[in-house]
Amino acid sequence: MFPLTEENKRVAQLLLSTGTCPRCIFRFCGVDFHAPYKLPYKELLNELQKFLETEKDELVSEVPNPPPKKIRLQELEDGIDRMDNLSQNGEGKISIIEDGSIASKNSNLNVCNVCLGILQDFCEKDFVKMVCEKVGASGFEFTNLVFSVSFPPQLSVREHAAWLLVKQEMGKQSLSLGRNDIVQLKEAYKWITHPLFSEELGVPIDGKSLFEVSVVFAHPETVEDCHFLRAICPDCFKPAKNKQSVFTRMAVMKALNKIKEEDFLKQFPCPPNSPKAVCTVLEIECAHGAVFVAGYCYISLAGRYNKYSRNLPQTPWIIDGQRKLESSVEELISEHLLTVFKAESFNFSSSGREDVDVRTLGNGRPFAIELVNPHRAHFTSQEIKELQQKINNSSNKIQVRDLQIVTREAIGHMKEGEEEKTKTYSALIWTNKAIQRKDIEFLDDIKDLKIDQKTPLRVLHRRPLAVRTRIIHSMETHYVDEHHFRLYLKTQAGTYIKEFVHGDFGRTRPNIGSLMDVTADILELDVESVDVDWPPALDD
């Protein structure tokens, strides 16, 4: 069933006579169901011709010297026939031109004066197939996709001009047409192309997909269509970072909403002129959203190789461009993830960090790695488990457990209330004075001790000078010999343990040295637990 009614006939005649394509005519007539837009272009034109030929009255409008209806329709039909003939001869198809953009070889098509060929050339199967070939060559793995398009901003100006023309014609019939009554170009384009892309690629179109295929259109011939708006509405066109032109779609729409109709009609032809060529495609891009991988890592020591675990930083240790140590925790983990996920880069984060000479034991420290633009993103739980084992087998310096794929939102749990979390440490302490077991027992009875820590000297170069109050929740001592004892501490996250032991020249008060009235220093420090219940523990 043809979607237009007798009420639409005069508007359809007017638009067709001034160079508007059938699909844009449907848009301005408020056809908001999909099926008519999906019909082949030639069939659409034939149906429109039959519909209009039933009208016996001559077209009357204020458009100067409009061509006779039958002549115009015959020209359009001849143009479509020529397009079919060219296509059969291997011509008239979408192709890549010298500057890398994409255009139609068919110069005989009557290009729509509103959509500039978007709803003509770029809705056909040839174009869809060409885009899908580029998607296939990109190397990405995906089970669904988002398809997005970027149209040149001058399309909004041309649509505005056509709207004013139609509104004037409908006013003669005591009818009205609001801007919101027009079907948006992107909506119509989506109705036509989404099923074609889904069929060609064999996957659904899903607005929530992390994999995006984007197409950017341009139309150099009409690029100056927007320029008069800047003179009338200069406040709408302000230079912005990362924008090559001030004439963005948003800026143009803002100006069109602001400009008076009479001022617009003085500056821009209504109806808009018919262009000579269709749009070109500047670029087709494929990109995958970040994938987040999380787990617990811990540095483990095997036998006599304690020194190795106490010489491994969490992140690369580079000073003045010179690497100080050959590897780091993040590198030992990420190098495998980058390879398997085929990602471009990564961002590593964790729940706190340990010094280069500190081990992390027990359940380990939560971490997260953001993999940027991974070409592979779908893994079974077994594959993730095998990847974890591969990391663990590659080095005796670290181990990873509970590796899993998580969402971006879930990563926030790792940082939530970070300073309210607690951490447990084990420290081997030396004292300058000889001590007995009874000299350290009083530390076991101290609970929730408040200490003030001025930013330690060793980190003052990278952290602001401040005094932070922290809490030592509990302590437990194990006597070793007259100059050594082991201290187990449960503290508020963010406590500087080394400084709590030796005092940092009085910058941390109280400290173990001042409490015992000795000079104390820390020989070894281990993180025994980080009390963050994230990510969820997995079964072995």
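Q: A salt bridge is taken here as a side-chain nitrogen of Lys or Arg within 4 Å of a carboxyl oxygen of Asp or Glu; how many salt bridges does the structure hold?
A: This is a predicted model, in which local features need pLDDT of at least 70 and side-chain atom pairs count only at pLDDT 80 or more, while totals for chains, interfaces and linings use all residues. Residues are numbered from 1 along each chain as its sequence is written, and side-chain values use heavy atoms, with hydrogens and water left out. Side chains of opposite charge can pair when their charged atoms come close. The number of salt bridges in the structure is 23.

Q: How many helices and strands are there in the chain?
A: Both kinds of element are DSSP runs numbered from the N terminus, a helix being H or I over at least four residues and a strand being E over at least two. By that rule the chain has 18 helices and 18 strands.

Q: What share of the residues of the chain counts as buried?
A: Buried means under 20% relative accessible area, exposed means over 50%, and partly exposed lies in between, with a 1.4 Å probe and protein chains only. The chain has 540 residues, and the share of them that counts as buried is 49%.

Q: How far apart in sequence are the parts that Arg310 and Asp526 tie together?
A: Arg310 forms a salt bridge with Asp526, and their closest N and O atoms are 2.9 Å apart. Because Arg310 lies in the loop between helix H12 (306–309) and strand S7 (318–319), whereas Asp526 belongs to strand S18 (residues 520–530), the pair ties together parts whose separation in sequence is 216 residues.

Q: Are Arg310 and Asp526 buried or exposed?
A: Arg310 has a relative accessible area of 14%, and for Asp526 the value is 4%. Since buried means under 20%, Arg310 and Asp526 are each buried.

Q: Which residues are linked with Arg310 and Asp526 in a network of salt bridges?
A: Arg310 and Asp526 pair with each other at 2.9 Å between the closest N and O atoms. The network of salt bridges that holds this pair also includes Arg359, Arg486 and Glu524.

Q: Which residues of helix H13 are buried?
A: Helix H13 has 13 residues, which at 1.5 Å a residue should span 18 Å, and this agrees with the 19 Å between its end C-alpha atoms; the expected span is 1.5 Å times one less than the number of residues. The buried residues of H13 are Val329, Glu330, Leu332, Ile333, Ser334, His336, Leu337 and Phe341.

Q: What is the nearest side chain of opposite charge to Glu330?
A: Glu330 lies in helix H13, and apart from neighbours within four places in sequence it is in contact (heavy atoms within 4.5 Å) with Gln314, Thr315, Pro316, Phe346 and Phe348. For charge, Lys and Arg count as positive and Asp and Glu as negative, while His and the chain ends are not counted. Glu330 is buried yet has no salt bridge, and the nearest side chain of opposite charge, at 7.4 Å, is that of Arg353.

Q: What is the distance between the C-alpha atoms of Gly19 and Ser274?
A: Gly19 is placed in the loop between helix H1 (9–17) and helix H2 (22–28), and at 6% relative accessibility it counts as buried. Gly19 and Ser274 are 255 residues apart along the chain, and their C-alpha atoms are separated by 6.1 Å.

Q: Which residues is Ala162 in contact with, leaving aside its neighbours within four places in sequence?
A: Ala162 is placed in helix H7 (residues 154–171) and is buried, with a relative accessible area of 1%. Leaving aside those sequence neighbours, the residues in contact with Ala162 are Phe28, Val114 and Pro272.
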